[in-house]
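Biologist: I'd like to learn how to read a model like this one. Could you walk me through it, starting with a pair of helices?

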Amino acid sequence: MKQTMIVEPSRALDVSDSADVVVAGAGIAGIAAALAAARAGASVLLLEDSFSPGGLATVGMVPEYLPIDDGRGRKVMGGITEELLHLSTANLPRELPEACFRRAPAVWLDKDATEEQRNGIRFKTAYNPATYVLDLEALLVREGVRLLYGTKVCAVIRDGDALTHLVVENKSGRSAIAGRAFIDATGDADVCFLAGEPTVSNGNNVPCGWFYSVRGDGSGFRIHHASHRFAEDPNDRDSAEGPFFRGDDAREITAQILASRDLIRGELAADCATLPDDRRQPINIASIPCFRMTRRLAGAVALRRADAHKQFPDAVCLAPDWRRPGPVWAIPWRCLAATHTANLTVCGRCASWDESAWDAMRVIPVCAATGEACGLGSALALREGAAPAAFDALRIAAAMRECGNPLDENLLTEKTAQ
Ligand SMILES: Cc1cc2nc3c(=O)[nH]c(=O)nc-3n(C[C@H](O)[C@H](O)[C@H](O)COP(=O)(O)OP(=O)(O)OC[C@H]3O[C@@H](n4cnc5c(N)ncnc54)[C@H](O)[C@@H]3O)c2cc1C
């Protein structure tokens, strides 16, 4: 009879490293968290399963840094979120519309421009993912963040209500990494899930694979936004175009990648049919799965679309709507704090949003802002011997303001179209 389960023998693990703050996942959220914690004086170790920083925003070939303004002329995000936006095009020699390489609009770079002049012009960039990898990595190293690539978090060790170690696997084998505070920036809430935190998974991801190509003669460099239609509400299958996949199941991840690569092959074949002698060659395709919404924390609060313009007493950052001008959300610390694990916080696309808000919150700038809040919150709490998840959100908000993040209540009042 086929064996369906075996018992893995227990074994002692080396404690291979330690830091005050251990961040799992070096996507934009993890990068912002690591930078914020390091700047606040903590020793930081940033663990990354792949071999580059940036996650979907770089090796996922998603090169548009969506807006940090409300679409009505007001900047609602700053701090590391704005810093990483500027970094994204800092080394762009020239704009290339076809490749979607685009600097921030001049009206947002002119500090004397008025809200009226900025009204309707979104403060965003689009960049070269390869340049961004190099610049993000250099920034992390310069700021004293220790990186460990090729390192996957696969288990946690806890003592009472706190985590003591993350168990990782990499080329050196399986080992434990000790920390005082942990930040889940895996995009898939892996650490939360392993820690037994309540999570919610979504199975409605569609095939997609953005990629770059050139013509056979090396000309015509451009990006392709190859994707099936997806829905703002991840549970709304009627407005999306399947097949649908979960992002927390190895077989479904592989099936989604295969379907996405078929999409790429299809685009290339269509091009070949029109210009066979100069057919397009792909020059850069995603090297991680491109899932929009996979698994997230089900925290004490799950932010909803209906919470736009609502003030929360524990708000630590603001977020606009990348899809339309007007809405601004305050993000409560309770969306970022684990519920049963005192020293675990969560940032990026896997924080606690409900289905109605997930699509607005999963984007690069919101990942950066929530990352900065988690990094600052963890470092501040450790300094006082407190638990990050229950740390005073007003203190985190004050530190976020000091770091340049707008949190004024008047930004939460909807500004009407002019
Ligand atoms: C097709 C597509 C198009 C998009 N378009 C845009 C766009 O134009 N603009 C925009 O702003 N946003 C866009 N998004 C959304 C946005 O890119 C992502 O949601 C955002 O970049 C997520 O950042 P993150 O840091 O939360 O997670 P991720 O980018 O997913 O980073 C998580 C990192 O953690 C690592 N990791 C995962 N599990 C583990 C583990 N167990 N141990 C160690 N490391 C681990 C991963 O390798 C990865 O590097 C798009 C998304 C998709 C899929």
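Modeller: Two packed helices are described by the angle between their axes and the distance between the axes. Here the axes of helix α1 (residues 28-39) and helix α9 (residues 364-383) come within 7 Å and cross at roughly 35 degrees. Axes are lines fitted to C-alpha atoms, for helices over the stretch in contact, with angles from 0 to 180 degrees between N-to-C directions. Helices (H or I, at least four residues) and strands (E, at least two) are DSSP runs, numbered from the N terminus.

Biologist: Which residues of α1 and α9 make the contact?

Modeller: Among them are I28, G30 and A33 of α1, and C367, G371 and G375 of α9. Contact is when C-beta atoms, placed from the backbone, lie within 7 Å. By class, you get 15 nonpolar, five polar and one charged residues. Ala, Val, Leu, Ile, Met, Phe, Trp, Tyr, Cys and Pro count as nonpolar, Asp, Glu, Lys and Arg as charged, and the others, Gly among them, as polar.

Biologist: And how far can I trust this?

Modeller: This is a predicted model, where local features need pLDDT of at least 70 and side-chain atom pairs count only at pLDDT 80 or more, while totals for chains, interfaces and linings use all residues. Residues are numbered from 1 along each chain as its sequence is written. pLDDT is the predictor's confidence in each residue, from 0 to 100. Where pLDDT is low, the predicted coordinates should not be read in detail. The protein has a mean pLDDT of 96, and 100% of its residues reach 70 or more. Confidence is lowest in helix α7 (residues 250-274), with a mean of 94, and highest in α1, at 99.

Biologist: Which residues come nearest to the ligand?

Modeller: G25, G27, G55, G187 and G348, out of 37 residues around the ligand. To be near, a residue needs its C-beta atom, placed from the backbone, within 6 Å. α1 gives the largest share of the shell, three residues. By class, the shell has 19 nonpolar, nine polar and nine charged residues.

Biologist: What about domains?

Modeller: Domain bounds come from an automatic or database domain assignment. That gives domain 1 (14-200 + 293-413) and domain 2 (211-285), with C-alpha centres 27 Å apart. Each side is listed separately: 13 residues from domain 1 and 13 residues from domain 2 make the contact. On the domain 1 side, helix α8 (residues 355-361) supplies the largest share, four residues.

Conventions: Contact = placed C-beta atoms within 7 Å.
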